[in-house]
Amino acid sequence: MTPSTDRNDVLFERAKRVIPGGVNSPVRAFRAVGGTPRFVRRAQGAHFWDATGKRYVDYIGSWGPMILGHGHPAVLDAVQKAAVDGFSYGAPTEREIELAEEILKFVPSMEMVRLVSSGTEAGMSALRLARGATGRSKIIKFEGCYHGHADALLVKAGSGLATFGNPTSAGVPAEVVQHTLVLEYNSVQQLEEAFALHGPDLACVMIEPIAGNMNFVRASVPFMKRCHELCRQHGALLVFDEVMTGFRVALGGAQSVYARLIPGFNPDLTVLGKVIGGGMPLAAFGGPRAVMEQLAPLGPVYQAGTLSGNPVATACGLATLREIAKPGFYEALGQKTRGLMAGLKSAAEAQGIAFCADSEGGMFGFFLLTELPQNYATVMKTEGAKFNRLFHGLLDRGIYIAPALYEAGFVSAAHSEEDIAATLAAAREVFKTLR
Ligand code: KE4
């Protein structure tokens, strides 16, 4: 073991004795890329230090939340002040209203919002609300999109349009996923066929508008336009899962990008998480008043949570939103991210390595492919072994990207020109070894 992993290895062995796989979320275990996860001791700005004291430039940022970088002074101050006043009350607070009002200000498709503690909880609740509000059971999701680990959403494509999905996880009974139809992302044809077959029974279409769970795949404008039209035509709700893209790709999320491209476009329900909690456990879902008022205690759709709207988490989220709402924030973040992608592309192409990339705001994806994939099957054509060598080459040089080729990456406001330059210098070295 090289010195840089000794302490990480020791901790990993110790962790595996008491936590399944040594991690509290599977992707952290490095099983897709091999090797030992780095146990983080602390983080600051665009960097974290592992258990051996080695510093990394962090392009995960807790999988999206840390858009300001770690330990932003205004956010830290807000959290410390809130903590002194109490960690949790199980009673309403003014700050929940403030955060709700702030979210609604930036996401005009939502008239009301309910705060919860994780993206999974938000997605699960939005799904139940869509079913409750329409009185329908069937739903459409897309291969390659991840909406958290609620049973009805852990589904892989069935054998055809007429058949419904099969569970992707043990412990999920077939009955629970019998109403979930999984289609190919960006396939207008499959969408048309599914609505022709099941339109009157469909409660919703749930989609990641930019699919960060298959690295970075955009819904094409014709596809997204058709999703919107068919949902309207058949009385199904269009549910935008913006847990990753919300406040990450733009202040108004991915829906603001599509609203500029598709006249009259807006989703019916939106699921949010990550950035709105600023790194603390906080997520949300929202939509039109008429739909949201179907929720308990007003309506028949039950939904609840002990720590929902937690006073410390809402302080963290509110302070984060106030910083990212400042003029020029996303212009600067987007420019920095595009610069990183362009630099990586030229480094790869200098070595004759197939490489393509895309980004929006502070979210990016790159593929060791000649052209940007439009769906999951194409993403998975990436040569895994080559990606893994790229991952470890960068990791050894103190650059931490997602430990899986199907995950997106994130740039924060704290990433400096020096961080970007160091990343590109490391990439130039590693691409030489990949020829
Ligand atoms: P959480 O329950 O992990 O807070 O959110 C679930 C979720 C829902 N929707 C989207 C679009 C998401 O990306 C996520 C969570 N994303 C993963 C990363 N791909 C979180 C990392 C992890 O699972 O450890």
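Author: A cavity is a set of grid points where a 1.4 Å probe fits but cannot get out, and a lining residue has an atom within 4 Å of such a point. Keep in mind that this is a predicted model.

Reader: How many cavities of 30 Å³ or more does the structure hold?

Author: The general idea comes before the count. Rolling a probe the size of a water molecule over the atoms shows where empty space is left. Here the structure holds three cavities of 30 Å³ or more. The volume of the largest cavity is about 90 Å³.

Reader: Which residues line the largest cavity, and which strand gives the largest share?

Author: The lining consists of N215, F364, G365, F366, F387, I401, A402, A404, L405, E407, A408 and G409. Strand β16, residues 363-367, gives the largest share, with three residues. Sorted by class, this lining has eight nonpolar, three polar and one charged residues.

Reader: What is the volume of the second largest cavity, and which residues lie nearest its centre?

Author: The second largest cavity has a volume of about 70 Å³. Its lining has 13 residues, and L344, F366, L394, I401 and T423 lie nearest the centre. Two or more lining residues come from each of α11 (329-349), β16, α13 (384-396) and α14 (417-434). The largest share, three residues, belongs to α14. By class, the lining of the second largest cavity divides into 12 nonpolar, one polar and no charged residues.

Reader: How should I read the packing of α11 and α14: what are the angle and the distance between their axes?

Author: An angle under 35 degrees counts as roughly parallel. In this structure α11 and α14 pack at an angle of about 20°, and their axes are 9 Å apart. The two helices are therefore roughly parallel to each other. The crossing of α11 past α14 is right-handed.

Reader: Which residues of α11 and α14 meet?

Author: On the α11 side they are K336, L340, G343, L344, A347 and A348, and on the α14 side I420, T423, L424, A427, R428 and F431. This contact has eight nonpolar, two polar and two charged residues by class. L344 and T423, which take part here, were also named near the centre of the second largest cavity.

Reader: At what angle do α13 and α14 pack, and is their crossing left-handed or right-handed?

Author: The angle between α13 and α14 is about 145°, with axes 9 Å apart. Their crossing is right-handed. From α13 the contact takes K386, R389, L390, G393 and L394, and from α14 it takes A426, A427, V430, F431, T433 and L434. Seven nonpolar, two polar and two charged residues make up this contact.

Reader: Now the open spaces. How much space lies in the second largest pocket, and which residues are closest to its centre?

Author: A pocket, unlike a cavity, is an open set of points. The second largest pocket holds about 630 Å³ of space. It is lined by 29 residues, with E96, V113, R114, L115 and P297 closest to its centre. α3 (94-106) and β4 (112-116) are the elements that give two or more residues to this lining, and β4 has the largest share, four residues. The classes are 16 nonpolar, nine polar and four charged.

Reader: Is the peptide bond from A296 to P297 cis or trans?

Author: That bond is cis, with omega near 10°. P297 sits in the loop between α9 (289-292) and α10 (311-324).

Methods. Residues numbered from 1 in each chain as written. Predicted model: local features only at pLDDT ≥ 70, side-chain atom pairs only at ≥ 80, totals over all residues. Heavy atoms only, no water. 1 Å grid on protein atoms, 1.4 Å probe; cavity = no way out; pocket = protein on both sides within 12 Å on 5 of 7 lines; lining within 4 Å. Points joined across faces, edges and corners; volume = space filled by probe spheres on them. Nonpolar A, V, L, I, M, F, W, Y, C, P; charged D, E, K, R; others polar. Axes fitted to C-alpha atoms, helices over the stretch in contact; angles between N-to-C directions. Parallel < 35°, antiparallel > 145°, perpendicular 65-115°, else oblique. Left-handed = near helix turned anticlockwise from the far one by under 90°. Contact = heavy atoms within 4.5 Å.
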